[in-house]
Amino acid sequence: MVTDAIFMDDNARPHRARLVRSYLKCETIPQMVWPANSPDLNSIEHVRDMLGRRIAGRSVPPGTLHELQQALLQEWALLPQQTINDTIASMPRRCQACIHHTRIPVISLWSSNATPTSCTTFTHIH
């Protein structure tokens with residue numbers, strides 16, 4: 001694992017299972033404290049939304065699970081990397097908006113050498 005990586009999940013019940021928590025602790029993988037029900041702070045949710053909109057915008061929607069899989073693979077290949085990069089780069093702004101709205105005290109983990117692909121966001125780590 002990359003040394004400056006921090007595990008981020010969405011507080012879904014499977015991610016909070018005792019087995020998962022135990023594994024992360026055993027492997028000394030730092031975790032981000034994450035507000036419940038906060039999809040705006042999860043970059044992958046925005047990318048999933050983009051893919052979903054692209055699938056929904058097709059003239060003929062997928063009719064089977066296999067067609068859906070193929071459509072997702074096609075749309076993923078067509079999704080511009082810059083769009084994904086822009087979504088990741090928007091995280092500091094999204095986090096600041098969340099902080100402003102909730103007034104939760106936070107610490108900045110955004111280091112000067114961080115790149116959009118190694119974004120650690122603003123929050124506490126357990």
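Here is a short briefing on the fold, surface and a few selected residues of this chain. The model is predicted, so local features need pLDDT of at least 70 and side-chain atom pairs count only at pLDDT 80 or more, while totals for chains, interfaces and linings use all residues. Residues are numbered from 1 along each chain as its sequence is written, and side-chain values use heavy atoms, with hydrogens and water left out.

**Overall fold**

- The chain holds five helices and zero strands, where helices (H or I, at least four residues) and strands (E, at least two) are DSSP runs numbered from the N terminus.
- Read from the N terminus, the order of elements is α-α-α-α-α.
- Of the contacts with a separation of 6 or more, 57% join residues 24 or more positions apart; a contact means heavy atoms within 4.5 Å.

**Surface and burial**

- The accessible surface of the chain is about 8,900 Å², and 59% of this belongs to carbon and sulfur atoms. Such areas come from the Shrake-Rupley method with a 1.4 Å probe, and for residues only the protein chains shown count as cover.
- Among the 126 residues of the chain, 25% are buried. Buried means under 20% relative accessible area, exposed means over 50%, and partly exposed lies in between (1.4 Å probe, protein chains only).

**Helix α2**

- With 14 residues, α2 reaches 20 Å from its first C-alpha to its last, close to the 20 Å expected at 1.5 Å a residue. The expected span is 1.5 Å times one less than the number of residues.
- Its buried residues are S43, H46, V47, M50, L51 and I55.
- As a reminder, an α-helix has 3.6 residues a turn, so residues three or four places apart point the same way.

**A nonpolar patch**

- L65, L68 and L72 make a nonpolar surface patch of about 270 Å². Patches are made of residues with over 30% relative accessible area and no salt bridge, with nonpolar side chains (Val, Leu, Ile, Met, Phe, Trp, Tyr) joined within 5 Å and like charges within 9 Å. A salt bridge is a side-chain nitrogen of Lys or Arg within 4 Å of a carboxyl oxygen of Asp or Glu.
- L68 sits in helix α3 (residues 65-78) and counts as partly exposed because its relative accessibility is 32%.

**Two loop residues**

- T28, in the loop between α1 (18-26) and α2 (43-56), has a positive phi of about 50° although it is not a glycine. T28 is exposed, at 66% relative accessible area.
- S90 is found in the loop between α4 (81-89) and α5 (91-102), and is buried at 10%.
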